[in-house]
Every structure is written in C-alpha cells, then in structure tokens.
Amino acid sequence: MLGAWALRWGLPARRAPNGTRPPPARVPLCGRRLGSSAALSLAAAGLRPQLDKFGGVTVHLAQLHAPHSLDQVTFHRWLQESVKQWRAEGRIAVWLHVPILQSKFIATAALQGFTFHHAKSDSSTLTLWLGDGHSRLPGYATHQLGVAGAALDVDTGKVLVVQDKNKTTNAWKFPGGLSDPGEDIGNTAVREVFEETGIKSEFKSLLSVRQQHRHPGAFGISDMYIICRLQPSSFNISFCQQECLRCEWMDLEELAKTKDTTPITSSVAKLLLYGYREGFDKIDIAMREFPAVYTGLFYKLYHRELPDTYKNMTEVS
Ligand SMILES: NC(=O)C1=CN([C@@H]2O[C@H](COP(=O)(O)OP(=O)(O)OC[C@H]3O[C@@H](n4cnc5c(N)ncnc54)[C@H](O)[C@@H]3O)[C@@H](O)[C@H]2O)C=CC1
Ligand SMILES: [Mg+2]
C-alpha cells in the first residue's frame, strides 16, 4: 500500500498534507501548479503509482490522460515531492515507465538520479534505488539465468533448503539466484548458496534445466533455471535475513515426499535421492573445459560422463 497521501491523490475533495486544498480533478496541467498541487494535478491527470511486493513503487507515464499538456517543470516538482514522500515511507525503489513519445521526461528524471534499466521499441524503464547501500534491483537481460545448488551432505543424507522471503507461498527450495554476467554456472551456485545460507560448497555436476518463457519475474523474458549438485564443506547455517525466511538441513527423502515444495524442487529431490542411493554417475551431467577457437578463451561443456573407450576415440590410420 502506498502512503495515505498517495492514496488521497485521486480524491480532490480531501486535503493534502500541508493543509492546502487539492485542485479539482482533470484540471489542465501547466507549470503554475507547483508544490503539492503539482502532485495532486498529476494524480488527477491519471497517474496511479503502484507498490510492488518488494517495496518498490511503479509509475506508468502512459496512464496520463493528456501527456502533451504536461510540462517538465510540473513533472519535475511532482517527481521530487513524490520521491521525498516514498523515501519517508521506506520504499526501496522507483520504477518509471516512459512511453517513447514522452521521452522529454527522461532527462527530468535523470537529473533526480534515475538511470536506465532497459528500453523496448516503444518505451523505456528507469529506476531509482531508495534503499540502503548499493542497488539490489535485478538487471535486465534477453534471457535470465537462475542457478540453484542442491548441497547434499552424503554422510547424513540431509540437503540444504530455504524458504524465500519474497515469494507468496513458503515452499522449500534449493538456495540459488541469478547468474552475474560472465559467471560460470557452477560458480553462481556456489556463490548464491554461500550468500544465502553461509554454507561453503564445491560444484559437482548439473542436475536439471528448466526453461520458461514470458516469466513475470524476468520482466517478461525467458528464464532458464539450472539446479546443480554441490558437495558442502561447512555445515553451520547463517542465512541471509533479507532473502530467506527459513533455512535448514532437511532429510533428502523428506524433501522428495513433502507437498511443501515446488514441482521443480520435488522432481530434483527425487532425482538426487536416486543418485544418492544408486550412484551419482546415474544422474550427473558433468562439466569439461576446452580451449575455444578464440585464442586465450575457454568454454565449458556439460554432458553425461562417457566411458574412456568413447572419450578417447580417435581415427585409426
Ligand atoms: N525452485 C523453484 O521452483 C524456484 C525457482 N526460481 C528461479 O530462481 C531464479 C531466481 O532466483 P532468486 O532467488 O529469485 O534470485 P536471487 O537470489 O538473485 O535474488 C534476486 C533478488 O532480487 C530481488 N528482486 C527481484 N525482483 C525485484 C524487484 N522488482 N524489486 C526489488 N527486488 C527484486 C529478490 O527479492 C531477491 O532478493 C530464477 O531463475 C527463477 O526462475 C525462483 C523461485 C522458485
Ligand atoms: Mg535467491
């Protein structure tokens, strides 16, 4: 929910926080309306900022009824006052969606610290981080790559699981997150598991790949979600309070049977249990590194293990 002031924007009969009476709805927009009346006039002009589940505010300038009659001075004042208000309310970020024909407002927003997040053919999206420290907003991509680590303690048969803080259902899943540009899959799994749980581990193999198109959590683009098998080397949990609600070592068989999980985690838990009992060679997709044709560069190839007789096959002259 946005603050009381924001909620009142659409109701011209009420008073603004400084006691002034807001203008009637659908008044023409011009530079004369400054201060809180600028905010109120933009609300009357159609802007309805929305709060997302992460605590960020989204503004769509496409909502404006008559964008051409809005001048930059009025918009500047509105944005300045609104950002001040959202900061005071503890909002973490602002997402500003600007249709291409209203691009004149990009410079106005940039002067207040907004930067580009991404652009499409007919619109651009700018962001302003309001939270503590550096921005934790996810970057934009053509495909998003998420990697999770199934860290199994082979001595106890327990696997490391978390419940996400920002998800609507509190289902158990393997800790993981988005890959950084230029980062190897295995390194993402090890890094994310450490950042989210405090557990150190080593990459062993790749277990599964999930591809989903039009993913809402990836700004509508395609999402690849890979789960890796990890060998843990530390066992004392110290989980990230910002991202996780719970974190524990759970019996792998219990995870394979529980309903309190996602279909992906449940499937991979069953696969991992099969490998734990019958041998990991039955489930592992291993990794090998090769020099690329581009001098000085290497790539990683992931495939099922081959018997040496096949691996070392060469043409007999
Ligand atoms: N096991 C399963 O079934 C699940 C798989 N996934 C997959 O995991 C991958 C992503 O993992 P995550 O743990 O989410 O990534 P992550 O560990 O890199 O965390 C991303 C961070 O960005 C934050 N964030 C995301 N959108 C935001 C926004 N609009 N404003 C502010 N903060 C925002 C999140 O709260 C989180 O703290 C994806 O590939 C996704 O498909 C995600 C959830 C469940
Ligand atoms: Mg995560």
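Predicted model: local features only at pLDDT ≥ 70, side-chain atom pairs only at ≥ 80, totals over all residues.
Directly after helix α5 comes Gly-198, a residue with a positive phi near 80°.

Helix α5 covers residues 185–197, which makes 13 residues. Several positions in α5 are buried: Gly-186, Thr-188, Ala-189 and Val-190, then Glu-192 and Val-193, and finally Glu-196 and Thr-197. An α-helix has 3.6 residues a turn, so residues three or four places apart point the same way.

Is Lys-173 buried or exposed? Lys-173 counts as buried because 22 other C-beta atoms lie within 10 Å, and the cut-off for a buried residue is 20 or more.

The surroundings of Lys-173 can be listed by contact. Leaving out residues up to four places away in sequence, Lys-173 touches Ala-148, Val-161, Val-162 and Asp-164, as well as Thr-261, Thr-262 and Thr-265. Of these, Thr-262 is 89 residues from Lys-173 along the chain, yet their C-alpha atoms are separated by 7.0 Å.

The chain as a whole can now be described. It contains eight helices and 14 strands. Its length is 317 residues, of which 31% are buried. Among contacts with a separation of 6 or more, 63% join residues 24 or more positions apart.

Conventions: Residues numbered from 1 in each chain as written. Chains lettered and ligands numbered in written order. Helix = DSSP H or I, 4+ residues; strand = E, 2+ residues; numbered from the N terminus. Buried ≥ 20, exposed ≤ 12 C-beta atoms within 10 Å, placed from the backbone. Contact = placed C-beta atoms within 7 Å. Expected span 1.5 Å × (residues − 1).
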